[in-house]
Structures are given as C-alpha cells and as structure tokens.
Amino acid sequence: MNSHLENNIKPVIYVENLTKIFGKFTAVNSISFEVNKGEIFGFLGANGAGKTTAMKMLCGLLKPTSGRGFVAGFDISKEPERVKASIGYMSQRFSLYDDLRVWENFRLFGGIYGLKEREISETTERMLHELGFTQERNTMVKSLPAGWKQKLAFSVAIIHNPGIVFLDEPTGGVDPKARRQFWELIYGAAERGITIFVTTHYMDEAEYCSRISIMKDGTIDALDTPANLKLKYGVKSMDEVFYQLASSKG
Amino acid sequence: MKNSDISVEVKGVSKNYSSVKALEDISLSVKKGEMFGLIGPDGAGKSTLFRILTTLILPDSGTAAIEGLDVRQDYKSIRKIIGYMPGRFSLYGDLTVQENLSFFASVFGVKVSDNYSLIENIFKDIAPFGDRRASRLSGGMKQKLALSCALIHKPSVLFLDEPTTGVDPVSRREFWQMLERLKTDGITIVVSTSYMDEALLCDRVALIKEGRVLSSDSPRGVIDSYQNTLLAIWGEDMHSLLKDIRSYGEIKSIYSFGQEHHIAIDKNLYNINYIDSLAKKLEATGHRNFHIKVIAPTIEDCYMEFSANKN
C-alpha cells in the first residue's frame, strides 16, 4: 500500500505533476492538485486547454505520460480498472442507451458495476422516486426531453454509490431552468458525501462550486474558491475571472 | 411594414411527429438584417422550426417563406440563399479544415476565394490548422469552421441552431462579435441559444414553449414586461438558504443566480415590511450573515418565470 492511502484524511483525488504528451503536443503539462471528500470541484478552462485529456487520465481511461495520480485511493497508472470501478462518470455526450427503457438503463449499468439484482431494483425505485420519474419507468429514453435525460444520466452514473463522480459538461445546451434543477441533484449527491468533479462553460455554475481550477494550454493557472479568485483578480464575477485568465496571451 | 422588409415570415405553422405536437400554430416574422433569437426549453420545438425554415422537413399546415420564397414550392431557390448550422457538429470529421471549406463551397457551386472576405475574420483563426482533421479541433474552433462553411456561398439568411453549446466563455464572446460583424454586412440571422446573455444581444427574441410562441419582443421589452417583485439574497450556506426559503411556500420561486439567489414574489404580496419579516424568519431558522435587497430582473429571470408552469 502506498503511504498516503493509509492516511485517514486522504484526499479523494491526489495528482502530482500529471502529464500527457501526444507526439510533439503536450496536452496536459505537469498539473498538481487535490480534491477533498464532499467537495464540488469545478474544473474549468477554454476549449482545447486539456480538460478532457486530464479527466480521461483521472478516470483510468488514458495512461499518463508521466507524473502520478490517485483517485478513490487507487493509482491511475497502475490500477485503472479499480479506479473505473470506484467512480461514476457522465460523459459530455449523452451516456445512456436511447433504445432502452428507463428501468433497463438502470438494470444495465447496475449490472455492469456488479450490483446484485435486489440492490439494482431497490436503488432504481428510490432514484425514480427522487427524480419524480416513477411514471416514466417504461418510457424509451429517446423520447424523454433533454433536461430529463441529463438527470437520468446523472442518477445512472451514481447507481453504485461511488465515492466520486466525474461530470463532463453535464449542462451543455440545457436550458436555464433545467440547469438549475440539475445542480440541485449535484448538491443532493454532495450532501450524501459523494465528491463531485465537474466541468462547465456556464460561469454562474462556477459560483456553485466549493473550489475551482482554471486550465489553460495544459497547465492549471488558478485554483481557489470562487470568492478568493474574484478577490485576487479584483473583479465581481467568475465570468470576468475566466475572461482575464483565458484571454491573456500566455 | 412592407413585404420587402421581411426576411423570414412564418404564418400558422404546425408540425406533428406521430402523436407529439412539435409546433402548434406558430407565427413570427424576422426583418431583413435583424438578429432574431429563439429562446425556449429543451423540446420546445426550436430545432423543428429551423428544419422547416431550411426546407429539410415540411410543415403539416401553415406557410413559411424566406425572402419571399415559399418553403414548399421554392425550396431549391431557398437552399441557395440560406446558411445553416445545425445543433450538432455538422462537418465531416474525417476531412481536414481546408477540405471541409472546399467541399461546402463546391456544393454551392462557388470557389472559396469568391466570398473569402466575408469569412476572413472568422477563418483566419483556424487557417493555421488547415491540415488538421475537423474531428480533432477544439469546440470553439469547430464552431468557427462550421460558421465559415455556412457562410461560404454568401447567404442572405443565416440559421444557427445553438451554435455556442459547449463553447467556452471567451470563444463565445468572439463568436458573437463575428455575428455582429455579419449583421453589419446585412445578413439576417436567426439563432437559438440556451445562454441568456446571448439573448440580450439579439434585436428581438421569441420565447417558445411547448410548440407555441409566447411572445416576440426586444430583450428590453421582455424585461419590462416582468410582473413580479424580485429580491436577491446572498450570504453563508447558500444551499440551505434556498431550501429553507422554498419551504416557506409564500414565494413564487427561488433560483440560484451565481453568487445570489433570486426570489420572485407576487407584486401584490410585496410590501415595505416584506424583507424584514423574511429576515426574521430566516434568523429564527438559524441563518446568520445574509443580505436581502430588491433588484431589477434580468432576461434570465424572465425566462424562469415564463417556463415556470413546466415540470
């Protein structure tokens, strides 16, 4: 066992000099940070800054070129399969099966995560109830409105009660009302102790995070609470913080 | 208004998909050179309207015309004078940046050089990546390429279905600066968006919900028609403030707005003592260090109000 895995107050994510190089292109350039249990961590940055690459490494989907990282206590380079089993992941594109009914999606993902039949049906019922979707149990996912699909995808991503869930632009293209309903789900999960790692391009949503990092050209240029970042850059909104950081020529 | 001033005219258009009513008796008109926004929840029918106006599907009833050309009879002529950026990435991922542009030019029977001045400002940012496959571009660059391709034949009317979804704030701002420039070239732009700061940049917006147009007005007009009294509250433990205030039940709505929550109250229920009594209630529940004040609504508050009866 690695020494800091034995530590009781270990962070849920621990990353040190994490780097990914594709050919001559350094997508992620030696980033280091920690995320603590129960935090809502906002992972921001311009398009092409390296967010998706970093996130794929954290989820055990991509092997780092150098540096190291631990997620939910497992080494992302050496134990990617155990990382995958311990996390939830909601991809940028819609991650459910359109041609399956609502309950079938729960059944499928519950099975993939190795839950027992009974756990799956109990969790499905509880989640459908919480979402107010009990009438939609037998509805084909493709005929649900986009905002509903996103909420459903989030619930399916945490069906195995992971310690941490990764959300890649979960509210992209979602209207203002549905976005807020989605964030109430995020808060609910965080209150139950699930750590949230989320990317977004909506700067009002950045305000809802405990801490945020802003990536640019493969490095993390800023990392703090929204309040401290606004103070540091002498501005009133996260929009202005982002604009100052991302538009400055590095 | 003379007919020749109108670029897009929709009269009584309905469209059903089997049992689902996607559009119900929609009417609106867009003036030449106008920047016109379509705003509404997911599934309101915005994309269906785009597909009718770009002659990809036919309405079940009603009429629609682009620059005086009918979407049924004159669809071939319409296709030559419009540009369309559909909601999903519409380029060929396996073709390079340059190949995509040449392809779309050839489809419309023009050369890239014919109208290059129109797209120069947009395309110059991605030109250095001319040999890169479109699938390997970042979100912001993909949108610039898609816009360039939609403009290559110098259309009179541009239809943009959520062009900035997934685009970062800086690229979004750049994208809208480009649209402003196209407007000065006299191009009519019809654009849908889920970003309310973008709605504010339109000359007029139509609020669409469940297949119907609720109103079309200037952003200022939409804001001026807001009926509630609006309060902002901010302080410690924002999430429990939200839950507690919602549980009091006497408000119309409370939603997060970045670092504040906005509370909508029926105008008739609001009086000079309202804030004091709300504050006392919150203190009794254990809240400390919060601030409440009356604020002016934003267009996003108007959106929340008009979509209030849903779900």
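The second largest cavity holds about 80 Å³ of space. On a 1 Å grid over the protein atoms alone, a cavity is a set of points where a 1.4 Å probe fits but cannot get out, whereas a pocket is an open set with protein on both sides within 12 Å along at least five of seven lines; lining residues have an atom within 4 Å of a point. Grid points are joined across faces, edges and corners, and a volume is the space filled by probe spheres set on the points. Four cavities of 30 Å³ or more are counted by this rule. The lining of the second largest cavity includes B:Tyr226, B:Tyr255, B:Phe257, B:His262 and B:Met304. Strand S12 (253-257), strand S13 (260-265) and H11 of chain B each give two or more residues to this lining; helices (H or I, at least four residues) and strands (E, at least two) are DSSP runs, numbered from the N terminus. By class, seven lining residues are nonpolar, two polar and two charged, where Ala, Val, Leu, Ile, Met, Phe, Trp, Tyr, Cys and Pro count as nonpolar, Asp, Glu, Lys and Arg as charged, and the others, Gly among them, as polar.

The model is predicted, with local features needing pLDDT of at least 70 and side-chain atom pairs counted only at pLDDT 80 or more, while totals for chains, interfaces and linings use all residues. Residues are numbered from 1 along each chain as its sequence is written, chains are lettered from A in the order in which they are written, and side-chain values use heavy atoms, without hydrogens and water. Chain A averages a pLDDT (the predictor's confidence in each residue, from 0 to 100) of 91, and 95% of its residues score at least 70.

The second largest pocket has a volume of about 720 Å³. Of its 23 lining residues, A:Asp204, A:Asp239, B:Asp197, B:Phe257 and B:Glu300 lie nearest the centre. Helices of both chains supply at least two residues each, including H6 (176-191) of chain A and H11 (299-306) of chain B. The lining comprises nine nonpolar, five polar and nine charged residues. At least three residues come from each of domain 1 (3-223) and domain 2 (226-306) of chain B, the bounds being taken from an automatic or database domain assignment.

The centres of domain 1 and domain 2 of chain B, taken over C-alpha atoms, are 37 Å apart. Contact (heavy atoms within 4.5 Å) joins 13 residues of domain 1 of chain B with eight residues of domain 2 of chain B.
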